2 protein chains.
Amino acid sequence: MDTAELTDLGQQLRVDSVRASAAAESGHPTSSMSAADLMAVLLAHHLRYDFDRPAHPGNDRFVLSKGHASPLLYAAYKAAGAIDDDELLTFRTLGSRLEGHPTPRRLPWVETATGSLGQGLPVGIGIALAGKRLEHSDARVWVLCGDSELAEGSVWEAAEHAGHERLDNLVVIVDVNRLGQRGPTRHGHDLDAYARRFQGFDWHTVEVDGHDVDAVDRAYGEALSTRGQPTAILARTLKGKGVAAVQDREGLHGKPLPDADEAIAELGGSRDLRVRVQEPPAARMLHSVPTGRPEPPRWERGEEVATRDAYGKALAALGTARADVVALDGEVSDSTRAEYFAKDHPERFFECYIAEQQLVAAAVGMASRGFVPYASTFAAFLTRAYDFVRMASISGAGINLVGSHAGVAIGQDGPSQMGLEDLAMFRAVYGSTVLYPCDAHQTARLVAAMAGLDGVRYLRTSRGAAPVLYGPDEEFPIGGSKVLRSSDADRLTVVAAGITVHEALRAADALAAEGIAVRVVDLYSVKPVDRAVLRRAAEETGALLTVEDHHEEGGLGDAVLDAFTDGRPVPRLVRLAVRTMPGSASPQEQLHAAGIDAESIAVSARLLVENAVVA
Amino acid sequence: MDTAELTDLGQQLRVDSVRASAAAESGHPTSSMSAADLMAVLLAHHLRYDFDRPAHPGNDRFVLSKGHASPLLYAAYKAAGAIDDDELLTFRTLGSRLEGHPTPRRLPWVETATGSLGQGLPVGIGIALAGKRLEHSDARVWVLCGDSELAEGSVWEAAEHAGHERLDNLVVIVDVNRLGQRGPTRHGHDLDAYARRFQGFDWHTVEVDGHDVDAVDRAYGEALSTRGQPTAILARTLKGKGVAAVQDREGLHGKPLPDADEAIAELGGSRDLRVRVQEPPAARMLHSVPTGRPEPPRWERGEEVATRDAYGKALAALGTARADVVALDGEVSDSTRAEYFAKDHPERFFECYIAEQQLVAAAVGMASRGFVPYASTFAAFLTRAYDFVRMASISGAGINLVGSHAGVAIGQDGPSQMGLEDLAMFRAVYGSTVLYPCDAHQTARLVAAMAGLDGVRYLRTSRGAAPVLYGPDEEFPIGGSKVLRSSDADRLTVVAAGITVHEALRAADALAAEGIAVRVVDLYSVKPVDRAVLRRAAEETGALLTVEDHHEEGGLGDAVLDAFTDGRPVPRLVRLAVRTMPGSASPQEQLHAAGIDAESIAVSARLLVENAVVA
């Protein structure tokens, strides 16, 4: 396309953004209009993409980090022939694929859900890393960011990562339109300010007038010819460009234009330009081929093994069996034991340093490319990435997150290192699976099973060693549980997981010696829970005592409720959990102080079987 | 002190770090040894601090961002005479004030809990902002960071904020010891790489040999004389400096020295140098004085008002009544309605832009200075700051966090903007309070009541307008609830909060028309919950039906369980919550699709009163 045609295409994208938002009576047309020329040039001259074959391995990947500019994206889809005008006008209505913020659950051309700002670039880096190091692909990754979102630290965490990894297959386009939601951004139109920041992180930068289509064209060309560095294109634009009533004006974020018809007329009226987007180059489809025979690790029953250690060994073995498994580390692989995988499969191991948002985002990006990522750090530090986990669930991303050093049982390091909110955090995520093994074989089985699940999967591991309870061939279905002690005389059921399973068994033995039979359930699958076993336990023993190394809200104790919220009779319940703020102490002192050790379980159990209220 | 004395003091700090870690048989001596000279010079020559009067307003503030180097901090306390040698050797034992990572809950000289890396600087910025803009203090804020933690985006989010705010009362000292936990850092000893990054964010930088005490002394002097910019001192150091067996070696992070006695001998043996830390200058104690008469906002009963709007107006009124109230915004104050406060009290309004980690960290820092911060953004985006909230609870920080746009009820914007995990997230935080008002007067009362609570307090507000239910003089105690419909004939109790209260009332009316009397409880205090009212409802009506605009895990439905986990009989329960992934749709369509509108409540209630299981 020549200059006039490109300019015309930009105007069409504006008109269609205005039209879609007007039809929806909501949306972000002004944020779309600023980036319309940037999008027009990309679509017409640089993007290589087959909209009929979104899975084509040679396709470029495009991420709209400023997800609220979805009208622009959908207008571009229409220009590319991927959707028709009728669908464009379903924007933001019930059942439409064209949501307020784009999601890959609904649209095959969307790589990742956006709408929480500052996430497009980190996920794009995961995609670019997969392209460069795993797929050996020539595809480029284009990320269109807003300027406001550059205030998010995650953007600079990502910039550091991309600079260090020399991701020259990555181009970030920043739509510097000067205006955020509530007013001017920090740096306004000072492109140099942004350039200095990106350059500080070893990026190549290009500053450009984002409404000069030829200059934008040259900027993209410069980005593509830059080797050894990612490129940031800093484009000076005007919010609401092209319509005097809104152009470069405050107070108009996220609102349809006051007079759509007049705006469309001012933009030169509706057009129906169709863009022939470049075909992707021929590329090899990625196939997952086994690279070796699976040899799951084995231990002796009774051997003292930390579940984090079992995770590391199981993951290394899984990596041998499956070529699509990759591991990501937050600079603690010696603690999480992901180091075993790193040693066996260095080409599929990604060091993200102490940057948990990038850690999870890279996993999301790799999952979008068909890989099966396992990202691990301390359970406590996964809280750093909660917004990324939330967005991953909206994407429907299949990621495995593994949090080590769960609970007070870590001992001396104190509360900052203790995962005490992680079960609550992951249970509340849509479509998630939450697993909490108590022994090595259980861990190894669950690590392998996770790979095949949908959505966000979380595995919680422990720092300290505990005896191996199960044999190497025991099965642990997702949504299942194990009844470890059971008799017809059981007077209550202790429900435990992870470290507290061992405490529960000790308590059960002590109580048995007193003539009190209690059932013990190992609820390794915290979400989904084993409703059948819990309901049977309730009917047969009348009362449930849950015990967990986690704060009392949102964890195991709350999870058992899932079996009883359909109106059926509910058993009597006692919930033992961490209710105090721990300090430093030995692991066993911590369990005792928190009231979740064998002795505390036995005390509560005695009260419960006497029908007393447990204070 | 002269060069020899400073050097000697540095060695003492090393020796005491080694001794404390040896006594504890755990800890991070090598990470302490690298920064010992930096700490010695600071303590002896630059820090102004009265350890007998930690609340002295003229005191400098010191934040150990690399909290794992706690042995160094405690060794410095000993050198300053704040603790004795016996206490030093209680490091990391049960009941000791000297935890693995320092916390202000236990030690009066600690400004904020650290141990999750990348948080000291953001919190330090909150302290520095309070000093500059609220206290008009000459105190300096010193933050000692590790090099590994500079991989956290939160550090650069903070750097951007401090540069933009020109915080020349802030000095960051980076202990560039080249080694992280599992191996070398990204940039090793490349001080220039760090300098470029800080300079990119408009900081002054000084590069220095961190073991040359005179050079360090000069660097601190240069930092103190720099105006209009914060300063980053980039100090080249060696991990484990001074002991050949560990110096600059990998694989020794977080471990006591292999031979402590030999190490101490190599360091020149134990010393008992005492430092006379400079007295702080005379300074005015900050007093909270009312600046005007409280005039809480009032509305007409039945008037349609969004609770977010009530929040903004109540906060503005509170700011008039109390001079210690400050407000912080994540660049969405037009949506959260914090803009009302900004208009009335611009000098106490802090724009943090789209940077939720900095938003919460600044609140923590201001709270540590005695202010009462209210930080607000969309509920969904507070997930971005979960690790900061977690650490705030470890600090015991009194912060108010307000999340707007809760739930599917926001409508068209779609799931990325919907707070659907926030109740779970905040309930799981130690010592937190979780509030979810349904009308304007309730919101206004709770906004004022929050200010007087301990710990992390969370208020959830809604986007859409709803009728005012309560009068302006109604009281809403924390931990209370309101029974909105009640009779002796009640056959079940609907427990709702926020938007679902209005749906529950509609359902109750519909059911009453069919002859089914149901009780309706407005559970505005989600944590703590009103155990008495819930238990009475259970006894009198036999069944509870909870309904919430939140995912089903960890929210209102789980919260009611708090009233029944002491072994008493539990009522039959049905939990209505968001179990699907919403798309775009109108608010009422969303409530219906999620099964939490009046019609859905009525359907479940009919089944429940017939003793049927609710699918």
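Mentor: UniProt positions are given here in the numbering used for this model, with feature names shortened, and such annotations may be inferred rather than shown by experiment. The model is predicted, so local features need pLDDT of at least 70 and side-chain atom pairs pLDDT 80 or more, while totals for chains, interfaces and linings use all residues. Residues are numbered from 1 along each chain as its sequence is written, chains are lettered from A and ligands numbered from 1 in the order written, and side-chain values use heavy atoms, without hydrogens and water.

Trainee: Which UniProt annotation covers residues 305-468 of chain A?

Mentor: Over residues 305-468 the chain is 40% helix and 21% strand, and the end C-alpha atoms are 7 Å apart; helices (H or I, at least four residues) and strands (E, at least two) are DSSP runs numbered from the N terminus. The annotation comes from an unreviewed UniProt entry, and it reads "domain: Transketolase-like pyrimidine-binding".

Trainee: Why do the copies meet through the same surface, and how much area is buried between them?

Mentor: Taking contact as heavy atoms within 4.5 Å, 109 residues of chain A touch 110 residues of chain B. Of the interface residues of chain A, 100% are also interface residues in chain B, which is why the surface is the same for both copies. Carbon and sulfur atoms give 50% of the buried area (accessible area for a 1.4 Å probe, lost on putting the two parts together and summed over both), and that area is about 9200 Å².

Trainee: How many salt bridges are counted between chain A and chain B?

Mentor: The rule asks for a side-chain nitrogen of Lys or Arg within 4 Å of a carboxyl oxygen of Asp or Glu. A:Glu160 and B:Arg197 form such a pair, with their closest N and O atoms 2.9 Å apart. Between the two chains the count is 22.

Trainee: What is the phi of A:His136?

Mentor: A:His136 lies in the loop between helix H6 (120-135) and strand S2 (141-146) of chain A. Although A:His136 is not a glycine, its phi is positive, at about 50 degrees.
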